[in-house]
Amino acid sequence: MPGWPSQLRVWLLILAQVMVSGSWGGALRQAPCSIGSLLEAAKLLKLKAQLGPDEGKQKFVLETPKGTRAYSPRQMAVGEKVFDVVLSCFKRHGAEVIDTPVFELKETLTGKYGEDSKLIYDLKDQGGELLSLCYDLTVPFARYLAMNELTNIKRYHIAKVYRRDNPAVTRGQYRGFYPCDFDIAGQFDPMIPDAECLEIMCEILRSLQIGDFLVKVNDRRILDGMFAICGVPDSKFRSIYSSGNKLDKVSWEEVKNEMVGEKGLAPEVADHFGDYVQQHGGISLVEQLLQDPELSQNKQALEGLGDLKLLFEYLTLLGIADKISFDLSLARGLDYYTGVIYEAVLLQTPVKAGEEPLGVGSVAAGGRYDGLVGMFDPKGRKVPCVGLSIGVEQIFSIVEQRLEATEEKVRTTETQVLVASAQKKLLEERLKLVSELWNAGIKAELLYKKNPKLLNQLQYCEEAGIPLVAIIGEQELKDGVDVPREDLVEEIKRRTSQPLCIC
């Protein structure tokens, strides 16, 4: 178009506009514009025509991201009840509370979780730092001990952690969840802290009343010794761990096929391994394996069996040995475990007489990790540690299902008294009284209307489960009858002196 008359160029552009917009009027209005502006306008009009009349508007997908959930007031009330049980137990055993950041330097978390490291959420570079969301609370705790040069602490910690996996939401497994951790760090006599951790686990599960449970225990040293005498190559230890850990869900034949077919283990090695890994029992099994001609000759396995024997003696004294099972298939996937490991599972009632109860899901786990702090300490100083973690999300799901099945009502507030009025124009008196109750530490509410109907106020009480109503009436105010005005606060305190159940 260079060299063409300016008028001709403008009319050619107008014609182009007409072809795009289908409107002479719109094209003519563009005539005074520059050629560049007209071409840009033509592109925009064409794009708008392709999008359609409403396509340009932003639309939102109204759902939570995969593997997450939002909790309703009813669900949070259930959750608070679970947390209260857990917290009271941790405090009863003398633990202090700490807190650590929701993310750590990436190098802090790298190399601590074995195959599960692929589930760590990495963040973009933030001011020159490579960061990752916390995968658990144990590694940050070990970093905290090394950084502050602590060698002795009993702590609990509840905070959200994140895992980039494909969770089973129906079973209470999420990408973001709240582990409730209890740990004992320090050099102590063998198995005394470990026994207390198992006692805490049993206390919490009993208090929650979510059904029968069993705590499986094993020892990483026994596993390593067992693998060595069976001929499992060192390079396959961790992958064979993960296969053996599936025995609570699938048959031995399926596990063997995975070990041989997928992981390249020799069939005779798998059979030898299977002779051990299918065994479970109590202290009698520990004593039996201490006499095993092969296992008893392995130094690591012998140390682990000796500690387990001592542990069962302590568990018997604590009265929980009947809830503990020595299970040689238990492996636990995290690389940092060094000794005793354990996992609590809920049991399904047998369908037929004589059948063993089946595990229907892990709700708590833990173990000993004596080398983790030394990985962060500049001088490599080790701080022995043992701990446990309660999976409250799984417990939430179980409690929710139970409440839905029984149609049990759940209180979502702890309001003790509603300040109501029987007649109109008493808002001033209601505000005075509710303020007096709040200042006295009483949990109180009023409806946000100047002149609410008495029936509506009473219905609100019934729906919210509020146990008491303080009804203000004109004549009662004049006469001071029923409960004298000056005695009202003390009377409400007397009537609410017993703890109120929230469910």
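Which hand does the crossing of H4 and H7 have, left or right? It is right-handed, meaning the near helix is turned clockwise from the far one by less than a right angle.

Some ground rules. This is a predicted model, where local features need pLDDT of at least 70, side-chain atom pairs count only at pLDDT 80 or more, and totals for chains, interfaces and linings use all residues. Residues are numbered from 1 along each chain as its sequence is written, and side-chain values use heavy atoms, without hydrogens and water.

Back to the helix pair. H4 spans residues 73-92 and H7 residues 192-208. Helices are DSSP runs of H or I, at least four residues; strands are runs of E, at least two; both are numbered from the N terminus. The angle is about 145°, and the axes lie 10 Å apart. Axes are lines fitted to C-alpha atoms, for helices over the stretch in contact, with angles from 0 to 180 degrees between N-to-C directions. Contact means heavy atoms within 4.5 Å. On the H4 side, the residues include Val82, Val85 and Phe90. They meet H7 residues, among them Ile200 and Ile204.

Now the sheet. It is open, three strands, parallel, in the order S15-S14-S16. Pairing takes at least two DSSP bridges between strands. S15 (444-445) and S16 (468-472) are edge strands with a single partner each, so one side of each has no neighbour in the sheet. S14, residues 417-421, pairs with S16 over five bridges. In that pair, valine 419 stands opposite alanine 470. Helix H16, residues 454-464, lies across S14, S15 and S16. Its direction is about 170° to S14.
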